[in-house]
Amino acid sequence: MSLQIGEPPVMRRTGRFALFALGFRPFFLAAGISALVLLGLWLALWQGVVPAGGYFTLVEWHAHEMLFGYAAAVIAGFLLTAVKNWTGMAVPVGRTLVMLSLVWLLARLMVVTPGLPAPLVALVDLAFIPLVGWSLWRPLWYGQNKVNRMFLLIFAGMTLANLLVHLDVLGVSRGLWPRGVYLMVDMVLLVLLLVAGRVVPFFTEKAVPGARSQVRPWVEKATFVTMVAAALVELAWPHGPLGGALLLLVALVQAIRLAGWYNNGIWQVPILWVLHTGYAWLVLGLALRGLAGFDLLPYAVALHAITVGGIGVLTLGMMSRVALGHTGRNINDTGPLMPIAFALLNLGAAVRVGGPLFMMEKFNLWINIAGGLWILAFLAFVLVYTPILIRPRVDGRPG
């Protein structure tokens, strides 16, 4: 087919299906859809509209799927894309991405399907994270930046966290699933701390004229030393004052880190302020979790500051930014809908954390409002980004 005069060359490929051209595409789409489905189903189950059933209890399913379903998909999509840029080495595409996506999807379906053999459900669900790690081990291990090897350890930590959850559900050892959930939270935090330290200052300087982020070597070292120490203590002696003290220290270090990245110009760029506010939620959530270690507030409040506010807002911003950049689009042009989505999700986090903290008697109301705002935010993401994720890059380049 020949091009018409004046037709831009990039139009050659816009009709092709490119969902499995690079890792961010299937897994960001999966994350966006799962964020909608998981919260919608959770609200229906919570209100008794839909009967609960399947492999997990209601609370176990909600906690597990938001971490090992949604968050794991975001992390897989990001690393299956970013590792290529970091190392210059090949990452899985095509059939391998199809296989990884199917394993993720099969696990999500099996945990809500009644009557399946429990060991089979556990085996399939446990397989996803090790498979992602296996598909990336060569560039992570042999790449020039040895720090990238830490991601292999984080994959191992995530797998251990999931194993603890399944050992509890299978009846091998009771009382393990909360430790597995919090260990997974800490592994996700480690990934976000690693990734944010690389991309948020870079994005800020690139998008805000004259911005200069202050990156302090001692803060970067302290970030991972304190977070790893806190994760290990919380695994061994969960929800105690020692873990609380370490988490407060992590929060302090991250507050210093975030302050060094800040520039007033971020508020003119939605794709930037969503990243900075998401990171601020992480700082707040870590501080609240530290205070919870001294029994000064409920752990559930601190957990949702981290998950809804920190993980939710930060990953929504990251997916939006990465999808624009890796499809050849203007990274600052989020369109009219996504800034609204960013604001709605921040508001949802504030409702989910602040509502129960100050008016516990209205708990069901806060759950419904926060869940509804989450759903609206990710509905916007799916509507805006599905065409972007399934179509080739607008500049005609591979990926």
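Colleague: Which residue follows H1, and what is its phi?
Modeller: Gly48 follows H1, with a positive phi near 80°. Helices are DSSP runs (H or I, at least four residues; strands are E, at least two), numbered from the N terminus. This is a predicted model: local features need pLDDT of at least 70, side-chain atom pairs count only at pLDDT 80 or more, and totals for chains, interfaces and linings use all residues. Residues are numbered from 1 along each chain as its sequence is written, and side-chain values use heavy atoms, with hydrogens and water left out.

Colleague: How far apart are the end C-alpha atoms of H1?
Modeller: They are 31 Å apart. The 23 residues of H1 (residues 24-46) should span 33 Å, so the two values agree. The expected span is 1.5 Å times one less than the number of residues.

Colleague: And how many of its residues are buried?
Modeller: 18 of the 23, so H1 is largely enclosed by the rest of the structure. Buried means under 20% relative accessible area, exposed means over 50%, and partly exposed is in between (1.4 Å probe, protein chains only).

Colleague: Back to phi. Where is His239, and what is its phi?
Modeller: His239 sits in the loop between helix H7 (217-236) and helix H8 (241-261). Its phi is positive, about 60°, although His239 is not a glycine. Most residues other than glycine have a negative phi.

Colleague: What about Asp295: which loop is it in?
Modeller: The one between helix H9 (270-292) and helix H10 (299-325). Asp295 has a positive phi too, near 60°.

Colleague: Now H7. What covers its buried residues?
Modeller: The cover includes H6, H8, H9 and H10. Contact means heavy atoms within 4.5 Å. Among the buried residues of H7 are Phe224, Met227, Glu220 and Glu234.

Colleague: Which residue forms a salt bridge with Glu220?
Modeller: Arg257 does, with the closest N and O atoms 2.8 Å apart. Arg257 lies in helix H8 and Glu220 in helix H7, so the pair ties together parts that are 37 residues apart in sequence. Both partners are buried. A salt bridge is a side-chain nitrogen of Lys or Arg within 4 Å of a carboxyl oxygen of Asp or Glu.

Colleague: And what pairs with Glu234?
Modeller: Arg289, with a closest N and O separation of 3.4 Å. Arg289 is in helix H9 and Glu234 in helix H7, so this pair links parts 55 residues apart in sequence. Arg289 is buried at 0% relative accessibility, and Glu234 is buried at 4%.

Colleague: How many salt bridges does a search of the whole structure find?
Modeller: It finds 7. One of them joins Arg393 and Asp395, with closest N and O atoms 2.7 Å apart. There, Arg393 is buried at 8%, whereas Asp395 is partly exposed at 29%.

Colleague: Which residues are linked in a network?
Modeller: Glu65, Arg108 and Asp125 are linked by salt bridges.

Colleague: Switching to the largest nonpolar core. Which members touch the most others?
Modeller: Tyr70 and Met158, out of 138 residues. Helix H6 (residues 177-207) gives the largest share, 19 residues. A nonpolar core is a set of buried Ala, Val, Leu, Ile, Met, Phe, Trp, Tyr and Cys residues joined through side-chain atoms within 4.5 Å.

Colleague: What does Tyr70 touch?
Modeller: Leaving out residues up to four places away in sequence, its contacts include Ala31, Leu38, Glu65, Leu316, Trp374 and Phe378.

Colleague: Which residues form the nonpolar patch on the surface?
Modeller: Met99, Trp134, Trp137, Trp141 and Tyr142, with about 540 Å² of accessible area together. Areas come from the Shrake-Rupley method with a 1.4 Å probe; for residues, only the protein chains shown count as cover. Patches use residues with over 30% relative accessible area and no salt bridge; like charges are joined within 9 Å, and nonpolar side chains (Val, Leu, Ile, Met, Phe, Trp, Tyr) within 5 Å.

Colleague: Which helix gives the largest share of the patch?
Modeller: Helix H4 (residues 118-142), with 4 residues. Met99 lies in helix H3 (residues 95-110) and is partly exposed at 31%.
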